[in-house]
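Please read it with the sequence and the model at hand.

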Amino acid sequence: MVTISRGFFGHHDSRAVDLPPGQHLTNGFPVLTAGPTQLISTEVWSFTITPEIGDPRRWSWEEMMALPSEEINVDIHCVTRWTKLGTHWRGVALDTFFEDIATDNEYAMVHSYGGYTTNLPLEDLVGGKAWIVYEYEGEPLQVEHGGPARLLVPHLYFWKSAKWVKGITMQRFDEPGFWEGFGYHNYGNPWREERYAGD
Amino acid sequence: MTDTNTTDSSVEEIRSVGNHWRKATLIDLHSQSWHSRTLVLRVPGWTGHLPGQHVDIRLTAADGYSAQRSYSLAEPATPDRVAVTVDLLPHGEVSPYLVEGMEIGDELDVRGPIGGWFVWEPGDPSIGDGPVLLIAGGSGVVPLVTMLRARKRAGDATPTMLVYSLRGPRDLMYGPELEEMSADLSAPGSAEVRLVYTRKIPDGHPRPASHLAVEDIRPPSAWPDPLAARVYVCGSSGFVDHATRLLHEVGYPDDRLRTERFGATGVDR
Amino acid sequence: MTSDLSTPAVPDGGTESGGVLDGNAAAGDFAGILAADPTTVTVRCGSCGATQAFGQLQAYLGGPGTVLRCRECEAMVARVARTPQGTWLDISGSSSWLFPRTPDPV
């Protein structure tokens, strides 16, 4: 049984806009994490793609900054039911990183500094659908939001957009990541409300 | 078969304690400092709690949106009654409603009581004759004052001292009550109270403004045992770390210390 | 370690904001699972072997689930999530949980 608290509205915005089912608008940018904030300087940061055969391909911060970047203007949807409209990011499309990678594997596991993992099909990382981002609203990405760089996969629930991203390992078989193996949906499409395992 | 069922249901009842939401109605309000107030709620079926325990509070908007926080219980147990003291977090989502918005007769959900580790019940055999040292940072004073109130209500004579770190005079919670409690140390239920102002002191306060230091937590000379039998520390994570370092310096082993950290998670940045 | 999430379940107050709290704040989540009060349990970390009261563990709340980490080495010792299927509990990061004996009823 739920009691309605008169006069309580919360931080969400109840404007009538087209949101994924079960989502509420927020004007803030909630920060939540499953572990300690990772303090990774750009000197030591690197991003590695490990294919099933052949050597891993690694980019230093400077090498990533030399890649063509783009501005990304998207809405983001968190599985804990908030949606934030019109967020602006700058980063490098994963297509650019994958140009150098030969892989026949269909699945990817994303790894973060600190040990977090999340799994996606490769096809959701390429085709202009995912980026490594390092600026938010024109400023360097704050460490609380995953800086110096995080994954951005806005068409899926935001737990897929791993903070403090460190690398991607290609896999022949799909395996669940940190939340996917713990009651949450393997794919996480907000428009089909794929929150939980079995949805 | 019947026996098994009976056992199952009683286990289920035990498990449901603390994990079951109850409707609460605001029946009284009083301001504690310029940015905090105490809310007294009527909660039918609330059977009581121990000083130091907390409750989860859930607010739900008319459109179904809900937000949940924990707050320390601010009074010793009284049936059907729950009190919390809430400090305003200016950009918070829940505390502005509780401190500035909620009116008598408004409702919310509570669940609890929760926690049996950060508690002190007068007469606790593991504390014996004490003494007990309470160290508060900011609104971390709330569960510690609840312990002092319970001790006073029970007529418990365990030697007790509260060290309360706060920014300035306008942040002082429970000011008159703490003053009365520490005015005559020979009176029953009294406790030594040390106010540690970190930024600004009131006129005439003997200690200059500075962060909590070793001298502030040194036991009073009147204590029979130089170290307290038990130390409770409640405050922000940074405060608890700082106080724990000082306590180690004074010579307290970890097994004497019970700490509770509060803070905001999921805050907007 | 990731994802920006909402609906925190922790105290809303204090001068510092920071994700990490302690096991006391996570006790509400575990109270429905254990038959005993969780905060008095002594947990041994499966990674470094340090023992600590549940109430002392680092707690990360408000996300898809609640994550508890060792105060010494920050390894995850336990997590819990509630979904429509039920309550998910993972204690694989811990090597033991000691529930203190409660006094026999008189």
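This is a predicted model: local features need pLDDT of at least 70, side-chain atom pairs count only at pLDDT 80 or more; totals for chains, interfaces and linings use all residues.

**Domains, chain interface and backbone**

In chain B, the C-alpha centres of domain 1 and domain 2 lie 26 Å apart, and the contact between these domains takes 17 residues from domain 1 of chain B and 15 residues from domain 2 of chain B.

- The domain assignment places domain 1 of chain B at residues 2–114 and domain 2 of chain B at residues 132–262.
- Between domain 1 of chain B and domain 2 of chain B an area of about 1400 Å² is buried, with carbon and sulfur atoms giving 54% of it.
- On the side of domain 1 of chain B that touches domain 2 of chain B, the elements that give two or more residues are β1 (22–33) and β5 (81–87) of chain B, and the residues of that side divide into six nonpolar, nine polar and two charged.
- Across this interface of domain 1 and domain 2 of chain B the rule finds nine residue pairs in polar contact, both residues being at pLDDT 80 or more, whereas the number of salt bridges found there is zero.

**Chain A against chain B**

- The contact between the chains involves 22 residues of chain A and 24 residues of chain B.
- Chain A and chain B bury about 2000 Å² between them, and 54% of this area is on carbon and sulfur atoms; on the side of chain A, the residues that lose the most area to chain B are T3(A), F8(A) and H11(A), which together account for 33% of what that side buries.
- Two salt bridges are counted between chain A and chain B, and one pair that forms a salt bridge is E103(B) with R6(A), whose closest N and O atoms are 3.7 Å apart.
- Five residue pairs are found in polar contact across the interface of chain A and chain B, again with both residues at pLDDT 80 or more, and by class the side of chain A that touches chain B has nine nonpolar, 11 polar and two charged residues.

- Over all chains, a search of the whole structure finds 20 salt bridges, and the side chains of E193(A) and R81(A) meet in a salt bridge with an N to O distance of 3.7 Å.
- Because E193(A) lies in the segment after β12 (165–171) of chain A and R81(A) in the loop between β5 (70–77) and β6 (82–93) of chain A, this pair ties together parts that are 112 residues apart in sequence.

**Backbone features**

- Most residues other than glycine have a negative phi, and most peptide bonds are trans.
- The peptide bond from G147(A) to P148(A) is cis, with omega near 15°, and P148(A) is placed in the loop between β10 (139–140) and β11 (150–152) of chain A.
- In chain B, G112(B) and P113(B) are joined by a cis peptide bond with omega about 0°, and P113(B) is placed in strand β6 (residues 107–114) of chain B.
- E137(A), a residue other than glycine, has a positive phi near 50°, and E137(A) is found in the loop between β9 (131–136) and β10 of chain A.

Methods:
Residues are numbered from 1 along each chain as its sequence is written. Chains are lettered from A and ligands numbered from 1 in the order in which they are written. Side-chain values use heavy atoms; hydrogens and water are left out. Domain bounds come from an automatic or database domain assignment. Contact means heavy atoms within 4.5 Å. Buried area is the accessible area (1.4 Å probe) that two parts lose on being put together, summed over both. A salt bridge is a side-chain nitrogen of Lys or Arg within 4 Å of a carboxyl oxygen of Asp or Glu. A polar contact is a pair of N or O atoms within 3.5 Å; within protein, one must be able to donate a hydrogen and the other to accept it, and residues adjacent in sequence count only if both atoms are side-chain atoms. Helices (H or I, at least four residues) and strands (E, at least two) are DSSP runs, numbered from the N terminus. Ala, Val, Leu, Ile, Met, Phe, Trp, Tyr, Cys and Pro count as nonpolar, Asp, Glu, Lys and Arg as charged, and the others, Gly among them, as polar.
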